[in-house]
Amino acid sequence: MRTRLAGALVCALALTLTATACGGSAPTAATTTATKAATADRVEPLTDTPAPELPVTVASADGRKVTVRQARRIVPLSGSLSEIVFTLGLGDRVVARDITATFRQAAKLPVVTRNHDVSAESVLSLKPDLVIAETTSGPEEAVDQIREAGVPVLVVAPAQGLDDVGPRIAAVAGALGVPAAGTELTRRTEARMAAVRKEVPREGGSGRPRVAFLYLRGSASVYLIGGKGSGATSLLEAAGAVDAGAESGLSKDFTAITTEALAKAAPDAILVMTKGLESVGGIDGLVKIPGVAQTPAGMNRRVVSVEDGVLLNYGPRTDQVLRSVVAQLYGEDAR
């Protein structure tokens, strides 16, 4: 997600998370009302995860080979990676977190990185024996400083869609010396996502709902519509919807919102991050953004809102995200 937004969002605030979502009725309804739906703020670790079998040498997404000799003090540099480590059952070994790791088990850990801003000094002060980073973790000088101190740094490829859930879990589990746990977690996650997909209502007379993903940071005057490569497409398709921005021909990952772009996308519903929606004053503020009120979504006030930290993580809680999107998008029609 950070890769796709980095260039466009240099002025955006660092993400902070909540555990609420607001949504509307079924696609054919004329009006909707905002509702609150809890999104779990805890991860669900596997039971009976074996002790890591180390050392191991694994391939890193930056082209390096990384040898992990022990994993007693782990520092994941993103919320998504923290989620994987905790869900593998090794959360008691994590000694720090990124600001986006706000699920309950990690909330009290010291923050050593805020999205792209990694503090090498803070990381090294915790004496980690393994740092797990995203390809976008930086600045590069900070990551190099951690390596030069002799700490192994595993870099994991970013998530682009549902197909990346398994490979990311496998990469982390392999480096931690628990590949079997990675296989089990992948199987559990994929089974849960498949179960949610079965609940998606079949297409009615109006066809699949068109959903536009909007990235909003009102305090920084950032108003973007997602296009091809925004990261939302596979999630929306799994929910039985059409990514309205990508389908309308937006070739960039994100494009500044214009009346013309919204009119062409013609979304039936709008997908947003919860903090983004709050930053513009909720649904009342959202429909004041030029062009939104003229779309079917704006006229019917149909908004699907999901916690910032899990919406596009594509990890062990993606089934919960998908379930939330389906429930909000279809309302009582979801089965």
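Predicted model: local features only at pLDDT ≥ 70, side-chain atom pairs only at ≥ 80, totals over all residues.

Visitor: Okay, at what angle do H2 and H5 pack?
Guide: Helix H2, which covers residues 79-90, packs against helix H5, residues 165-175, at an angle of about 65°, and their axes are 10 Å apart. The two helices are therefore roughly perpendicular to each other, since angles of 65 to 115 degrees are counted that way.

Visitor: And is the crossing of H2 and H5 left-handed or right-handed?
Guide: The crossing of these two helices is right-handed.

Visitor: Which residues in H2 and H5 meet there?
Guide: From H2 come Ser80, Leu81, Ile84, Val85 and Leu88, and in H5 they meet Arg168, Ile169, Val172 and Ala173.

Visitor: Is Arg168 buried or exposed?
Guide: Arg168 is buried, because its relative accessible area is 4%, and buried means under 20%. Glu134 is buried as well, with a relative accessible area of 8%.

Visitor: Switching topic a bit, how many salt bridges does the structure hold?
Guide: The structure holds 13 salt bridges. One of them joins the side chains of Glu44 and Arg188, with an N to O distance of 3.9 Å.

Visitor: Where do Glu44 and Arg188 sit in the chain?
Guide: Glu44 is in the loop between helix H1 (2-5) and strand E1 (56-59), whereas Arg188 is in helix H6 (residues 179-197), so that distant parts of the chain, 144 residues apart, are linked. Glu44 counts as partly exposed at 42% relative accessibility, while Arg188, at 17%, counts as buried.

Visitor: What about Glu247, which residue does Glu247 form a salt bridge with?
Guide: Glu247 pairs with Arg210, the closest N and O atoms being 2.8 Å apart. This pair also links distant parts of the chain, with Glu247 in helix H8 (residues 244-247) and Arg210 in strand E9 (residues 210-217), 37 residues apart. Glu247 is partly exposed, its relative accessible area being 48%.

Visitor: Last one, which residues do salt bridges with shared partners join into one network?
Guide: Those are Asp62, Arg64, Asp144 and Arg147.

Key:
Residues numbered from 1 in each chain as written. Heavy atoms only, no water. Axes fitted to C-alpha atoms, helices over the stretch in contact; angles between N-to-C directions. Helix = DSSP H or I, 4+ residues; strand = E, 2+ residues; numbered from the N terminus. Parallel < 35°, antiparallel > 145°, perpendicular 65-115°, else oblique. Left-handed = near helix turned anticlockwise from the far one by under 90°. Contact = heavy atoms within 4.5 Å. Salt bridge = Lys/Arg side-chain N within 4 Å of Asp/Glu carboxyl O. Buried < 20%, exposed > 50% of the residue type's maximum accessible area, 1.4 Å probe, protein only.
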